[in-house]
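Please read this report with the sequence and the 3D view side by side. It is written for someone meeting the fold for the first time.

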Amino acid sequence: MRVDAPVGKWIAKLYKHHDQFVDNLLADYNLNHSEGNLLVYLYKDGDGISQNQLKENLAVDKATISRTIYSLIDKKYLKKRKSPEDGRVNLIYLSQKAETVKEEINDIYQQWFQIFIDKIGEKESKRVLNNLERMYKII
């Protein structure tokens, strides 16, 4: 199969639109998409993990994860504690403030995807997500 479609362009446009859409709605919480992505990850997969684990799981570089964590600590959305097993490791936890806005933040991300569900249906949207995840795991 030969692909003559500008797939990279499509993915880039989706990525850019997602960030702009989410940034606009997160502004009410003094957050940006990078901070929101980190919170959503911790809401879903649990907190109390190391900065290095977050870096690996979110597939971002060390500087980006560090900047995002410290910004969220500054804004009182996260707390950092030393690991009881290894004092050199900092564990990242959601604060009460983050827990208070959990549903609202998750809803913002759902609103973006709802655009597609409304246009192509839930079944097709799930299929697209499954295929994107499969493609992601390949690379």
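The report goes from the whole chain to its core, then to single residues.

## Basis of the report

This is a predicted model, in which local features need pLDDT of at least 70 and side-chain atom pairs count only at pLDDT 80 or more, while totals for chains, interfaces and linings use all residues. Residues are numbered from 1 along each chain as its sequence is written, and side-chain values use heavy atoms, with hydrogens and water left out.

## The chain as a whole

The protein chain holds seven helices and three strands. Helices (H or I, at least four residues) and strands (E, at least two) are DSSP runs, numbered from the N terminus. Along the sequence, their order is α-α-β-α-α-β-β-α-α-α. The C-alpha trace spans about 55 × 35 × 25 Å along its principal axes.

The protein chain has 139 residues, and 29% of them are buried. Buried means under 20% relative accessible area, exposed means over 50%, and partly exposed lies in between (1.4 Å probe, protein chains only). The accessible surface comes to about 9800 Å². Carbon and sulfur atoms hold 54% of that surface. These areas come from the Shrake-Rupley method with a 1.4 Å probe; for residues, only the protein chains shown count as cover.

## Contacts and charges

Contact means heavy atoms within 4.5 Å. Among contacts in the protein chain with a separation of 6 or more, 52% join residues 24 or more positions apart.

The protein chain carries 23 positive and 20 negative charges, and their mean positions are 4 Å apart. Lys and Arg count as positive and Asp and Glu as negative; His and the chain ends are not counted. Each charge is placed at NZ of Lys, CZ of Arg, CG of Asp or CD of Glu.

## The nonpolar core

Which residues touch the most other members of the largest nonpolar core? They are L38, L39, L42, L54 and L78, in a core of 22 residues. Helices α1 (7-26), α2, α4 and α6 (102-120) and strand β3 each supply at least two residues of this core. Helix α2 gives the most, with five residues. A nonpolar core is a set of buried Ala, Val, Leu, Ile, Met, Phe, Trp, Tyr and Cys residues joined through side-chain atoms within 4.5 Å. In soluble globular proteins, nonpolar side chains tend to be buried together.

Look at L38. Leaving out residues up to four places away in sequence, L38 touches L54, L58, I65, T68, I69, L72 and L78.

## One side of helix α3

Helix α3 covers residues 51-58, and Q51, L54 and K55 are buried there. Their arc around the axis is only 100 degrees, so they sit on the same side of α3. The arc is that of the directions from the helix axis to the C-beta atoms. An α-helix has 3.6 residues a turn, so residues three or four places apart point the same way. The buried residues of α3 pack against α2 (33-45), β1 (49-50), α4 and β3 (90-94).

## Positive phi angles

Most residues other than glycine have a negative phi. N30 is not a glycine, yet its phi is positive at about 60 degrees. N30 lies in the loop between α1 and α2. K76 is also a residue other than glycine, with a positive phi near 70 degrees. K76 is in the loop between α4 and β2 (78-82). K76 counts as exposed because its relative accessibility is 56%.

## Buried or exposed?

H33 lies in helix α2. H33 is buried, as its relative accessible area is 18%. Beyond residues up to four places away in sequence, H33 touches D19, V22, D23, L26 and Y109.

G48 sits in the loop between α2 and β1. G48 is partly exposed, with a relative accessible area of 24%. Apart from neighbours within four places in sequence, G48 is in contact with L91, I92 and Y93. G48 and S83 are 35 residues apart in sequence, and their C-alpha atoms are 8.9 Å apart.

D74 belongs to helix α4 (residues 62-74). D74 counts as exposed, at 66% relative accessibility. D4 lies in the segment before α1 and also counts as exposed, at 63%.
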